[in-house]
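Dear colleague,

I am passing on the structure that I have been reading, and you will find its sequence and model just below.

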Amino acid sequence: MSDAPLHGSSFDYDVIVIGAGYGGFDAAKHAADHGLRTAIIESRDMGGTCVNRGCVPSKALLAASGRVRELADADHLAGFGIHAAPVRFERQKIADHANQLVATIRTNLTKTLERAGVTIIRGTGRLEGSQRVGVREINGVDRVLTAREVILATGSEPFVPRGIETDGRTVFTSDEAVSLEWLPRWLAIIGSGYIGLEFADVYTALGCEVTMIEALDRVMPTFDPDIAKIAARNLIDGRDIDARAGVLAQSVHPGAPVRIELVDMQTREPVETLEVDAVLVATGRVPSSAELNLASVAVETERGFIPVDDRMRVLVGGEPVPHLWAVGDVTGKMMLAHTAAAQGTVAVDNILGHSRSIDYRSIPAATFTHPEISSVGLSEADAKALAAQEGFELGTVRSYFKANSKALAELDSDGLMKLLFNKTSGEVLGAHIYGLHAADLIQEIANAVARRQSVVQLATEVHTHPTLSEVVEVAYKQAVAAMHPAAVGA
Ligand SMILES: Cc1cc2nc3c(=O)[nH]c(=O)nc-3n(C[C@H](O)[C@H](O)[C@H](O)COP(=O)(O)OP(=O)(O)OC[C@H]3O[C@@H](n4cnc5c(N)ncnc54)[C@H](O)[C@@H]3O)c2cc1C
């Protein structure tokens, strides 16, 4: 908490937030709900990436295309004795569903801020020194406002590597893909992270042929290797997807066809030239910080990301800058909507004088493919490093969906949960899941990680039968069985 009183000051506002994505939204609402005079500045669309170009429209497309996939899977349906007519779908109506959902959520979010008493300013914000925010409004007016506390929440935008030219129609990023303007017969997706995988799920369900290009030496490089193996078998190999790892899309030229020059990632020798109907560039995201005039407060970014501590204070040379906070994707920490929102609340709690830190280890992540992938806590490599550093033995157990009655009833039992835990204390360190409803299943383990709970206690908790949650129960029980008897108290 800063020293001067929050109320009755000569500042225009107690808090100014720059950027109205989920990070900015949660920060502004939390601040206003606690009586702080709050303004939020947004240059583009209220709700930011998640609502307009990210989570919301992509999940609407996945919901519709997932149904198409299910109804078109004659073998799966025949297993239940069901024979459906050939599936028909209307691309435009699927796109409309996504667009309408975006509009509804954006309106609701804007109204929520207005009702909370937040002043919404439409324009581009920047810093003009400590506790001063410049804003160029949409009508061209430029003014400087003062605030006791300033929160930067400007988010991120798609990263397009050098050599790749986008035209928004034949070569595009997720910003355009969420509009589902057309369905290319043959689509190349560059990148096999969660965004590439989710769009591969959508496009293959709707009948497109996909080539997935990954520069690193295996597809899905950011996922747990065992989970990636089983997920790739189903989500890539089992579908109309040709995956190439270890190759770099050195140049991509829009047009009809789109030309992609592939080179070997190691040697940079030409591998092949592909001619496809369209390319989706899903190669990660970069922070939106260039317009913030961070030099006016002597803040230096790290590849554009704003350095922060776990209380969300902006750092210069490792020391907090008074009255300046940053949250969300622009900080580069677990770039997810719920992380941004949690960071926003933590920043405001600290402004309010309640010392609070964010706990990244307990924040779950999910990929909404069919089936889903999820994780929480440490990767196996990080858990091994922690075990070596702290001198404990790492436990790893696997629980299979094949042994779960609900998954078997659904005829969808290809799935795996891997649980990482401390063999002496029983503390849950992380979990990685591939399988039906993995995104929902992970929450239970995230809660256990947040409380640093032991599998000894968790294994006694009763789970509903028959539900997929029993996959988690089995993992906890296996973990207890694998612990040192003395540690369990046997
Ligand atoms: C295709 C896709 C799918 C995704 N799916 C999920 C998912 O399922 N679950 C999940 O948790 N996350 C998902 N994400 C990630 C999620 O969208 C981001 O982590 C989240 O939006 C970050 O929120 P933020 O508030 O930090 O930034 P943003 O949402 O990027 O918002 C920042 C806002 O600041 C505004 N802004 C920037 N500069 C200025 C300025 N100078 N002045 C005023 N305003 C400015 C921008 O216009 C923007 O509206 C997805 C992302 C994509 C691209």
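**What surrounds the ligand**

Helix α2 gives the most to the shell around the ligand, with four residues. Helices (H or I, at least four residues) and strands (E, at least two) are DSSP runs, numbered from the N terminus. Please keep in mind that this is a predicted model, in which local features need pLDDT of at least 70 and side-chain atom pairs count only at pLDDT 80 or more, while totals for chains, interfaces and linings use all residues. Residues are numbered from 1 along each chain as its sequence is written.

There are 39 residues around the ligand, and those that come nearest are Gly19, Gly21, Gly48, Gly155 and Gly328; a residue is near a molecule if its C-beta atom, placed from the backbone, lies within 6 Å of it. At least two residues of the shell are supplied by each of α1 (22-33), β2 (38-42), α2 (48-53), α3, β3 (119-127) and α9 (337-351). By class, the shell has 14 nonpolar, 18 polar and seven charged residues, where Ala, Val, Leu, Ile, Met, Phe, Trp, Tyr, Cys and Pro count as nonpolar, Asp, Glu, Lys and Arg as charged, and the others, Gly among them, as polar.

**Two helices that pack together**

Helix α3, which contributes to that shell, spans residues 55-72 and packs with helix α5 (residues 91-116) at an angle of about 145 degrees, their axes being 8 Å apart. The axes are lines fitted to C-alpha atoms, for helices over the stretch in contact, and angles run from 0 to 180 degrees between N-to-C directions. On the α3 side the contact is made by Val56, Pro57, Ala60, Leu61 and Ala64, and on the α5 side by Ile94, His97, Ala98, Leu101, Val102 and Ile105; two residues are in contact if their C-beta atoms, placed from the backbone, lie within 7 Å. The contact of α3 with α5 has ten nonpolar residues, one polar residue and no charged ones.

**Domains and sheets**

The domain assignment, whose bounds come from an automatic or database source, gives domain 1 (13-51 + 97-158 + 286-358), domain 2 (171-283) and domain 3 (362-489). Between the C-alpha centres of domain 2 and domain 3 there are 30 Å, and twelve residues of domain 2 are in contact with 13 residues of domain 3. On the side of domain 2 that touches domain 3, α7 and α8 (225-237) each supply at least two residues, and the largest share, six residues, comes from α8. That side of domain 2 divides into seven nonpolar, one polar and four charged residues.

Five strands form an open sheet with parallel pairing, in the order β7-β14-β8-β9-β10; two strands pair if DSSP finds at least two bridges between them. Because β7 (171-172) and β10 (241-245) stand at the edges with a single partner strand each, one side of each is left without a neighbour in the sheet. Helix α7 (residues 194-205) packs on this sheet and touches β8 (186-190), β9 (209-214), β10 and β14, its direction making about 165 degrees with that of β9. Strands β7 and β14 (residues 278-281) run parallel and are joined by two bridges, and Val171 has Val279 in β14 as its bridge partner.

A second open sheet has three strands in the order β11-β12-β13, with antiparallel pairing. Here β11 (247-253) and β13 (270-276) are the edge strands, each with a single partner, so one side of each is left without a neighbour in the sheet. Strand β12 (residues 258-264) is joined to β13 by six bridges, and Ile260 stands opposite Leu274 in β13.

**Backbone details in the loops**

The peptide bond from Ala256 to Pro257 is cis, with omega near 5 degrees, and Pro257 lies in the loop between β11 and β12. Another cis peptide bond joins His465 and Pro466, with omega about -5 degrees; Pro466 is found in the loop between α13 (455-458) and α14 (470-482). Finally, Arg303, in the loop between β15 (285-287) and β16 (313-316), has phi near 50 degrees, a positive value in a residue other than glycine.

With best wishes
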